[in-house]
Amino acid sequence: MNITFAFKNFEPSDHLKEYASSRFEKMGKFIGDTVETDIQVNLNVEKFRHKAEVVLFADNLHLSAYEESEDMYATIDQVLDKLESQLKRMRERHKERRRAGTPRAARMDVISFTEESGAREPNIKETDNFEPKPMSVDEAAMQLESLKFEFLVFRNAETSRVNVIYRTKNGDFGLIDPGN
């Protein structure tokens with residue numbers, strides 16, 4: 001992690017540089033060690049206002065934060081809090097996208113019953129693995145109508161859950177939604 005400081009309208013103390021460096025080094029836990037990261041820290045003093053602007057560059061990542069207060073140490077802490085919250089938000093979005101993007105495969109078994117001396121015993125005749133396609137309930141109903149099957153397993157585009165739409169005896173449709 002490369003941290004670059006720029007100071008305007010004041011002479012920085014060694015303690016301030018060390019404090020800011022140690023604080024911004026903690027950003028590495030959000031970014032990771034493998035990513036080359038550059039942080040540009042601009043510190044400025046105008047009368048009683050102490051300003052801090054931080055720009056963070058990493059692979060496919062560009063964040064910036066600005067803060068001002070009456071104390072430079074407090075300003076550094078506040079701008080760091082802003083950057084951390086932005087990084088946390090971006091990491092959560094990335095996790096949600098990855099979770100939403102992983103389709104779950106469904107397994108379908110066809111079971112038939114054979115009668116031997118009055119006792120019925122189920123036998124699995126076929127097994128099929130497939131990934132349900134995301135579609136709305138109306139699309140699933142139209143697809144079931146055109147395919148002439150008894151039921152259709154699909155991923156509901158609105159809820160992201162696996163649903164089953166089936167044909168009733170009178171020609172209407174029923175929907176099975178497992179809920180949460």
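**Confidence and fold**

Modeller: Happy to. This is a predicted model, and among the elements of the chain, strand 2 (residues 38-46) has the highest mean pLDDT, 92, while strand 5 (residues 106-116) has the lowest, 62.

Biologist: And what does the chain average for pLDDT?

Modeller: The average is 82, and 86% of the residues score at least 70.

Biologist: Good to know. Now the sheet: in what order do the strands come?

Modeller: The order is 1-2-3-4, in an open sheet of 4 strands with mixed pairing. Strand 1 (2-8) and strand 4 (61-69) each have a single partner strand, so they stand at the edges and one side of each lacks a neighbour in the sheet. From one strand to the next, the twist averages 10°.

Biologist: How many bridges join strand 1 to strand 2?

Modeller: There are 7, and the two strands run parallel. Within that pairing, Phe 5 sits opposite Val 41 of strand 2.

Biologist: What does helix 1 touch on the sheet?

Modeller: Helix 1 (residues 14-25) packs against strand 1, strand 2 and strand 3 (49-58). The direction of helix 1 makes about 140° with that of strand 1.

Biologist: Changing topic: where is Pro 132?

Modeller: Pro 132 lies in the loop that links strand 6 (119-130) and strand 7 (134-135).

Biologist: Buried or exposed, that Pro 132?

Modeller: Pro 132 counts as buried, because its relative accessibility is 6% and the cut-off for buried is under 20%.

Biologist: And how far is Pro 132 from Arg 155?

Modeller: In sequence they are 23 residues apart, and in space their C-alpha atoms are 5.4 Å apart.

Definitions and conventions. Residues are numbered from 1 along each chain as its sequence is written. This is a predicted model: local features need pLDDT of at least 70, side-chain atom pairs count only at pLDDT 80 or more; totals for chains, interfaces and linings use all residues. Side-chain values use heavy atoms; hydrogens and water are left out. pLDDT is the predictor's confidence in each residue, from 0 to 100. Two strands pair if DSSP finds at least two bridges between them. Axes are lines fitted to C-alpha atoms, for helices over the stretch in contact, and angles run from 0 to 180 degrees between N-to-C directions. Contact means heavy atoms within 4.5 Å. Buried means under 20% relative accessible area, exposed over 50%, partly exposed in between (1.4 Å probe, protein chains only).
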